[in-house]
Amino acid sequence: MRTRRGLCYPRADVCVDKIVVKRRDFTGYNMACRKRQRFSPVIAGNSDLFDALPDDLVISILSKLSSSASCPSDFINVLITCKRLNSFALQPLVLSKASSKLLAIKAENWSESAHRFLKCCADAGNVEACYTLGMIRFYCLQNRGSGASLMAKAAISSHAPALYSLAVIQFNGSGGSKNDKDLRAGVALCARAAFLGHIDALRELGHCLQDGYGVRQNITEGRRFLVQANARELAAGLSSASVSNIATCSWLTWSPHPIPHPTNRHPNVPGCPLLSDFGCNVPAREAHPANKFLTDWFGSRDGIPGPGLRLCSHVGCGRPETRKHEFRRCSVCGAVNYCSRACQALDWKLRHKAECAPVERWLDEEGVGGDGMDEVIAES
């Protein structure tokens, strides 16, 4: 059909998607058929098909991502992608699957938003978040009741690190006075964590049985637990080496003499003798993200948790004292202190055996008052 100005309307059987007719009388006006252009194959090909994905499928993918993320940024990059992913990523089902590496927030990045995120994960039933946030609240934020409750919530779900941490609190009476110690409860918690395969709990339980600390003395049974802890230590070292494709011949060798742990004082030493019973030198295990947070948190404060308070001397622990003279000192030199026998045994094999030297008197004047004199712990 022709109009007075000579223009022709397009016929129904002619595709004019790419035809643009312009006239000087209608500046910048597109004279093509808009309705056909909207449903054209070119425009349909550019549409976002992500909105067509079912919600259940997206949540399932995000749950898999949260459980396998290697660092918090892997998950945060998804949160900031779009509103739909942000809303789905904060669903309780997704947060409940979050791994410990996803929750490994650095102390220097701690903020109220990070606190809220861990709280959301804990409320969703994530036991790793309950343990991590419990440790931070108990030791760093000094909110003892809330921190212990979160760790207990994780322990009820058979979270081995939470059970062991509660055992350490019971052994030391942390958050209270010296009279608040409950050795039998500490042994029971250690036994449960050891049953779940926690290496430090196995080692702690072995020393308790050997020394008769909170339980009837049984040297043979205690020695069996210590050997079992060493065996699990060896298995963990072999597993980590196979995953990272590291040759084990460099450290899995017979050595009658312990090799100090590589530190600032011994930077060129390759291994550490965590398996002295077997004569093997294996690398130290990677510390839990919660312990790393404690170490960095108090490290930024020059390693002083408070007036007259000390940190556990084991580099992979990070636990501070909650009152003066809570931790036990080395019975030989008195220069180091530990929150548990497991930390003492590990640090002895890692570095302290090469540094320990006896002194005539190491109890300073600060030992008078407070809870009394420090307990001592014998090196083995």
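Modeller: Start with the term. A salt bridge is a side-chain nitrogen of Lys or Arg within 4 Å of a carboxyl oxygen of Asp or Glu. Side chains of opposite charge can pair when their charged atoms come close. A search of the whole structure turns up 10 salt bridges.

Some ground rules. The model is predicted, so local features need pLDDT of at least 70 and side-chain atom pairs pLDDT 80 or more, while totals for chains, interfaces and linings use all residues. Residues are numbered from 1 along each chain as its sequence is written, and side-chain values use heavy atoms, leaving out hydrogens and water.

Take Asp55 and Arg84. Their closest N and O atoms are 2.6 Å apart, and the two form a salt bridge. Asp55 lies in helix H3 and Arg84 in helix H5 (residues 83–89), so the pair ties together parts that are 29 residues apart in sequence. Helices here are DSSP runs of H or I, at least four residues, and strands are runs of E, at least two; both are numbered from the N terminus. Now the burial terms: buried means under 20% relative accessible area, exposed over 50%, and partly exposed in between, with a 1.4 Å probe and protein chains only. Asp55 is partly exposed at 40%. Arg84, at 16%, is buried.

Next, helix H15. Arg351 meets Asp347 in a salt bridge, 3.0 Å from N to O. Both residues sit in H15 (residues 341–355), 4 residues apart, about one turn of the helix. Arg351 also forms a salt bridge with Glu355, with the closest N and O atoms 2.9 Å apart. Glu355 and Arg351 are separated by about one helical turn because they are 4 residues apart in H15. What about burial? Asp347 is buried, at 0%. Arg351 is buried too, at 16%. Glu355 is partly exposed, at 24%.

There is also a network. Salt bridges link Asp200, Arg203 and Glu233.

Now the loops. Asn126 lies between helix H7 (112–123) and helix H8 (127–140). Asn126 is buried, with a relative accessible area of 2%. A polar atom of the Asn126 side chain lies 2.9 Å from the backbone oxygen of Ala98. Setting aside residues up to four places away in sequence, Asn126 touches Leu95, Ser96, Lys97, Ala98, Leu103 and Cys121. Contact means heavy atoms within 4.5 Å.

Most residues other than glycine have a negative phi. Gln142 is not a glycine, but has a positive phi of about 55°. Gln142 is in the loop between H8 and helix H9 (144–156), and counts as exposed at 52%. Ser158 is not a glycine either, and has a positive phi of about 65°. Ser158 is in the loop between H9 and helix H10 (160–172), and is partly exposed at 33%.

Last, the surface. Leu53, Leu57 and Ile61 make a nonpolar patch of about 250 Å². Ile61 is in helix H3 (residues 55–68). Patch residues have over 30% relative accessible area and no salt bridge; like charges are joined within 9 Å, and nonpolar side chains (Val, Leu, Ile, Met, Phe, Trp, Tyr) within 5 Å. Areas come from the Shrake-Rupley method with a 1.4 Å probe, and for residues only the protein chains shown count as cover.

Note on methods
A polar contact is a pair of N or O atoms within 3.5 Å; within protein, one must be able to donate a hydrogen and the other to accept it, and residues adjacent in sequence count only if both atoms are side-chain atoms.
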